[in-house]
There are 2 protein chains.
Amino acid sequence: MPPETLTPQRILEATEEVLRRFGPAKATVVDVARALGVSHGSVYRHFGSKAALREAVTDRWLDQSHTRLSAIAGAEGPAGPRLREWLGAVFAAKRRKAGEDPELFATYLVLAAENSATVERHIAVMLGQLAGIVQSGVERGEFASADPMTTARAVWDATVRFHDPAHAAEWGRAGIDAAFDEVCELILRGLRV
Amino acid sequence: MPPETLTPQRILEATEEVLRRFGPAKATVVDVARALGVSHGSVYRHFGSKAALREAVTDRWLDQSHTRLSAIAGAEGPAGPRLREWLGAVFAAKRRKAGEDPELFATYLVLAAENSATVERHIAVMLGQLAGIVQSGVERGEFASADPMTTARAVWDATVRFHDPAHAAEWGRAGIDAAFDEVCELILRGLRV
């Protein structure tokens, strides 16, 4: 049986497993190559450096929910419920990542801190989707906004407690869902014409 | 000249100075007594334990701006501008504490983490003032709110980026004031009838 082809996807999966096992401080490209049964040169042919590999794995982790969120943002129908659904999906995705595997979450926080450009790209994608919903709300006569991107930023900032990892410890507390509902309701009232 | 009377106020000032000098991990009651030129027994007559002393100094630090904020909250006139002024004063006070003396700020974050009941009392006072402004807005026919305390909590949560120490590193960034203005504007629109 020929060995499985070495793809970027397989390397990134092995990298996550190695990070989970050794922690972000100790994990090396040699560990990743060993987990895959290949030489570290083979890994370097796909990712030119350890830094590039760590950036790519961070990117993959941050982008996990982009497709689903993008589908919600681009759906038809009233913008109000769509914005509410999108904010709920962002909160749910962050919460799932933090709750299901807290150690891996902590690892990715370390990686995110060392790849701030990657995080900024991720936030730009989020803001772009939000601005799209606001824009469609303006076009449908539902929302008032002089500049959808500025409004998107305000909505993102006003919901920071429900998506910024700095608040992850609060996401399991009693009353957090009610608190989220109230903030969303306040924002939606603020957007309506 | 008789020695200055040992008051709780003097002890708390000396405690802050000792915390600043030795850090929260090393500062002791003996250090505080030495700084005041008294026996540690004299300190214990005012604060029964090291924990009680640390709690009292945390309380003093958290309460620093309560009087000014309380004056804004209880002022006459339209509730909208008053809410805006109150939120701005909270942000300004937090920012000043974080910016003027970052080491002392870090020290107080350690103390706050070990005195969560004190922090909760502080937040309860903040929410009470906020709810008072919302209530007066409802009475004046400016704001819509089924329950001022629930609304106060939503406003507090929606502005978390501008008062939670977890975001202190963002408070010096370019654009933070504009971001704060936009969030306040969104909230105020959401409150208006």
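**The interface between chains A and B**

Between chain A and chain B, 5 residue pairs are in polar contact, counting pairs with both residues at pLDDT 80 or more. The pLDDT cut-off is there since this is a predicted model. On the chain A side that touches chain B, the elements giving two or more residues are H9 and helix H10 (176-191) of chain A. Of these, H10(A) gives the most, with 8 residues. Sorted by class, the residues on that side of chain A come out as 11 nonpolar, 3 polar and 7 charged.

As for overall extent, about 1,700 Å² is buried between chain A and chain B, and 67% of that sits on carbon and sulfur atoms. The contact draws 21 residues from chain A and 22 residues from chain B. There are also 2 salt bridges between the two chains. In one of the salt bridges between the chains, Arg161(B) pairs with Asp157(A), with the closest N and O atoms 3.0 Å apart.

Zooming in on one helix pair, helix H9 (residues 148-158) of chain A packs against helix H10 (residues 176-191) of chain B at an angle of about 80°, the axes lying 9 Å apart. Angles of 65 to 115 degrees count as roughly perpendicular, so H9(A) is roughly perpendicular to H10(B). H9(A) makes this contact through Thr150(A), Ala154(A), Val155(A), Asp157(A) and Ala158(A), while H10(B) brings in Ala179(B), Glu182(B), Val183(B) and Leu186(B). By class, that works out to 6 nonpolar, 1 polar and 2 charged residues for the contact of H9(A) with H10(B). Asp157(A), then, turns up both in this helix contact and in the salt bridge with Arg161(B).

Note on methods: Residues are numbered from 1 along each chain as its sequence is written. Chains are lettered from A and ligands numbered from 1 in the order in which they are written. This is a predicted model: local features need pLDDT of at least 70, side-chain atom pairs count only at pLDDT 80 or more; totals for chains, interfaces and linings use all residues. Side-chain values use heavy atoms; hydrogens and water are left out. Axes are lines fitted to C-alpha atoms, for helices over the stretch in contact, and angles run from 0 to 180 degrees between N-to-C directions. Helices (H or I, at least four residues) and strands (E, at least two) are DSSP runs, numbered from the N terminus. Angles under 35 degrees count as roughly parallel, over 145 as roughly antiparallel, 65 to 115 as roughly perpendicular and the rest as oblique. Contact means heavy atoms within 4.5 Å. Ala, Val, Leu, Ile, Met, Phe, Trp, Tyr, Cys and Pro count as nonpolar, Asp, Glu, Lys and Arg as charged, and the others, Gly among them, as polar. Buried area is the accessible area (1.4 Å probe) that two parts lose on being put together, summed over both. A salt bridge is a side-chain nitrogen of Lys or Arg within 4 Å of a carboxyl oxygen of Asp or Glu. A polar contact is a pair of N or O atoms within 3.5 Å; within protein, one must be able to donate a hydrogen and the other to accept it, and residues adjacent in sequence count only if both atoms are side-chain atoms.
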